[in-house]
Amino acid sequence: MPLIELPIGWLVLADAAAWTFFQLVISYGATRIPFHWFVRHDRLFRSFRFERNGELWQQLFRIKGWKGHLPDGSMFFPSAYNKQALHGHDSPSLAEFVVESRRAELTHWLVMLPAPLFCLWNPAEAFWMNVAYAFFFNIPFIITQRYNRPRLERLIIQKQNKSQALPDSRILKS
């Protein structure tokens, strides 16, 4: 039994307004987390063995076919990092993209946390619909980050190994 009973029209409006509020506030808050926090806490975002470096997500969900259609949150926050495309192919640009993918993943996990609050004004069926919305809206974004990040990390390692294999330019000049 909800604490507040609303007619269906107001209920839908209250749910939409609440989700918009929570998503924007949490997303904005995530943009304020310092870059170095995501570098220091990289262990939180490591791939699990069962994910097989992201290949599990391609196998289960054919992610390559739809990930490019997901909207990027930077449309709401112009100062945020746009993850629609790489900003460069050099190691620092790829590393920045990896860190920003951690920020995106954390944001989408955090955006699901307010779902239990919806029991305050929703009847049971509507509450569970809101929980399902929180899950099904955010999981594609999380999966996308968990698919992309290991691929980018491998690319960074390949680039670093390749640059270490090249002779030092000072040696070539002597």
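**Close-ups of a predicted model**

**View 1. Helices α1 and α4 make a right-handed crossing.** Everything shown here and below comes from a predicted model, not an experimental one. On the α1 side, the contact is built from Trp 19, Gln 23, Ile 26, Ser 27, Ala 30 and Thr 31. Helix α4 answers with Arg 103, Thr 107, Leu 110 and Val 111. Sort those contact residues by class and you get five nonpolar, four polar and one charged. As for the geometry, two packed helices are described by the angle between their axes and the distance between the axes. For α1 (residues 8-31) and α4 (residues 91-111), that works out to an angle of about 145 degrees, with the axes 9 Å apart.

**View 2. Here is the second largest pocket, with a volume of about 230 Å³.** There are 13 residues in the lining, and Phe 48, Glu 105, Trp 109, Ile 142 and Arg 146 are the ones closest to the pocket's centre. Two elements, α4 and α5 (124-165), each give two or more residues to this lining. Helix α5 has the largest share, with four residues. By class, the lining of this pocket has ten nonpolar and three charged residues, and no polar ones.

**View 3. Thr 144 sits in helix α5.**

**View 4. Arg 52 and its positive phi.** Most residues other than glycine have a negative phi. Arg 52 is not a glycine, but its phi is positive, at about 50 degrees. Look for Arg 52 in the loop that runs between α2 (35-40) and α3 (55-61). Its relative accessibility is 41%, so Arg 52 goes down as partly exposed, which is the class between 20% and 50%.

**View 5. Arg 62 is another non-glycine residue with a positive phi.** Where does Arg 62 lie? It is in the loop between α3 and α4. The phi of Arg 62 is near 50 degrees. With a relative accessible area of 54%, Arg 62 is exposed, because that label applies over 50%.

Key
Residues numbered from 1 in each chain as written. Predicted model: local features only at pLDDT ≥ 70, side-chain atom pairs only at ≥ 80, totals over all residues. Heavy atoms only, no water. Axes fitted to C-alpha atoms, helices over the stretch in contact; angles between N-to-C directions. Left-handed = near helix turned anticlockwise from the far one by under 90°. Contact = heavy atoms within 4.5 Å. Nonpolar A, V, L, I, M, F, W, Y, C, P; charged D, E, K, R; others polar. 1 Å grid on protein atoms, 1.4 Å probe; cavity = no way out; pocket = protein on both sides within 12 Å on 5 of 7 lines; lining within 4 Å. Points joined across faces, edges and corners; volume = space filled by probe spheres on them. Buried < 20%, exposed > 50% of the residue type's maximum accessible area, 1.4 Å probe, protein only.
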